[in-house]
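Here are my notes on this model, written as numbered points. Please keep the 3D view open and turn to each place as you read.

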Amino acid sequence: MSEKIAIVTGGSRGIGAAIAKKLASQGMTVIINYCGSEDRALAVKGEIEAAGGQAEAWRCDVSDCGQCEEFVKAVMEKYGRIDVLVNNAGITRDGLMMRMSDEDFSRVIDTNLKGTFYMMRFAARHMLKAKKGRIINMASVVGLMGNAGQVNYAASKAGVIGATKSAAKELASRGITVNAIAPGFIDTEMTGVLSEKVQEQILTQIPLGTFGKPEDIANCAAFLASDEAAYITGQVIQVDGGMCM
Ligand code: NAP
């Protein structure tokens with residue numbers, strides 16, 4: 001078993017899968033969390049193991065408080081520690097505010113914001129006892145800038161930023177850092193559903209002139225999880241090609 005245990009929520013694909021692989025490549029045992037994509041999560045675990053790393057794939061719907069509690073309990077029972085928690089799981093349910101259903105608003109808040117809160121709360125209990133730990137929450141530049149058609153998503157990500165800073169203040173005295181990453185436009189299935197026209201329009205707003213890759217976010221997450229980032233807490237690090245400045 002590796003010395004450090006990391007949980008990555010939504011690690012079955014996209015940004016989460018890249019983070020899981022990066023942390024595993026640095027010697028951590030990674031618990032890849034998924035909700036619906038068991039096959040994809042097992043494939044990520046297989047890739048990590050093929051590269052000589054250690055990983056597990058565990059199901060938990062992060063929007064369900066009881067499942068989060070059980071998930072953290074199960075990790076503690078098996079490994080006895082949680083060194084790094086990456087709250088990456090997220091969804092979109094886009095639509096103009098005037099037409100947005102209560103369900104689409106709540107579903108996004110429940111997964112992106114409440115899921116982050118549940119996982120932070122349950123994992124922090126153990127980090128507090130250990131007097132160390134790293135929490136990395138996935139926000140978005142949309143949480144900073146807003147975006148037409150994403151009232152629910154922008155609110156969830158602005159909420160993640162507020163929760164990150166508040167948790168950072170509560171946990172700092174016990175050696176636990178809490179930071180957020182705000183990606184810009186990253187090439188994943190989440191953004192792949194956007195039309196070519198919308199993608200072209202977004203590209204014009206990115207000074208570096210390309211969309212980001214999941215690995216760009218994974219590199220930042222790995223830094224925040226490393227010893228080199230020990231003096232950084234309560235920060236929102238934008239990885240966005242200059243999109244939001
Ligand atoms: P993605 O490709 O759609 O992957 C989403 C991941 O979240 C999947 O692994 C999915 O797992 C998991 N997930 C969704 N609902 C879940 C739930 N209830 N419980 C547990 N896991 C759940 O998205 P992505 O582009 O990689 O985005 C990852 C994170 O970065 C999200 O928080 C997103 O908001 C944020 N972000 C992305 C971009 C971008 O441009 N792509 C920009 C800014 C921020 P299953 O498939 O197993 O359900």
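1. Thr29 sits in strand 2, which covers residues 29-34. Helices (H or I, at least four residues) and strands (E, at least two) are DSSP runs, numbered from the N terminus. Thr29 counts as buried because its relative accessibility is 2%; buried means under 20% relative accessible area, exposed over 50%, and partly exposed in between, using a 1.4 Å probe and protein chains only. The side chain of Thr29 also makes a polar contact with the side chain of Gln54, at 3.4 Å. A polar contact is a pair of N or O atoms within 3.5 Å; within protein, one must be able to donate a hydrogen and the other to accept it, and residues adjacent in sequence count only if both atoms are side-chain atoms.

2. A word on how to read all this: the model is predicted, so local features need pLDDT of at least 70 and side-chain atom pairs count only at pLDDT 80 or more, while totals for chains, interfaces and linings use all residues. Residues are numbered from 1 along each chain as its sequence is written, and side-chain values use heavy atoms, with hydrogens and water left out.

3. Next, look at helix 1, residues 14-25. Its 12 residues reach 17 Å from the first C-alpha to the last, close to the 16 Å expected at 1.5 Å a residue; the expected span is 1.5 Å times one less than the number of residues. Which residues of helix 1 are buried? They are Ile15, Gly16, Ala17, Ala18, Ile19, Ala20, Leu23 and Ala24. After helix 1 comes Gly27, with a positive phi near 95 degrees.

4. Now zoom out to the protein chain, which has nine helices and seven strands. A compact globule of 245 residues would have a radius of gyration near 18 Å, and the chain's 17 Å agrees with that; the radius is taken over C-alpha atoms, and the globule rule is 2.2 Å times the number of residues to the power 0.38. Along the principal axes, the C-alpha atoms fill a box of roughly 50 × 35 × 35 Å. Of the 245 residues, 50% count as buried.

5. Contacts across the sequence deserve a point too. Taking contacts between residues at least 6 apart in sequence, 73% join residues at least 24 apart, where contact means heavy atoms within 4.5 Å. The C-alpha atoms of Gly234 and Asn179 are separated by 5.0 Å, though the two residues are 55 apart along the chain. Gly234 lies in the loop between helix 9 (214-225) and strand 7 (236-239) and is buried, with a relative accessible area of 17%.

6. Then there is the ligand. Of the 32 residues around the ligand, Ser37, Asn88, Tyr153, Ile186 and Thr188 come nearest; a residue is near if one of its heavy atoms lies within 4 Å. How far is an oxygen atom of the ligand from an N or O atom in the side chain of Thr188? That distance is 2.5 Å. An oxygen atom of the ligand is also 2.7 Å from a polar backbone atom of Asn88, and one is 3.1 Å from a polar backbone atom of Gly10. The protein covers 94% of the 880 Å² of accessible area that the ligand has on its own; such areas come from the Shrake-Rupley method with a 1.4 Å probe, and for residues only the protein chains shown count as cover. Helix 7 gives the largest share of the shell around the ligand, three residues.

7. Finally, visit two loop residues. Lys131 lies between helix 4 (102-130) and strand 5 (133-138), and its phi is positive, near 60 degrees, although Lys131 is not a glycine. Most residues other than glycine have a negative phi. Lys131 counts as exposed because its relative accessibility is 54%. Ser195, in the loop between helix 7 and helix 8, is partly exposed at 37% relative accessibility. Ser195 and Asp227 are 32 residues apart in sequence and 41 Å apart in space, C-alpha to C-alpha.
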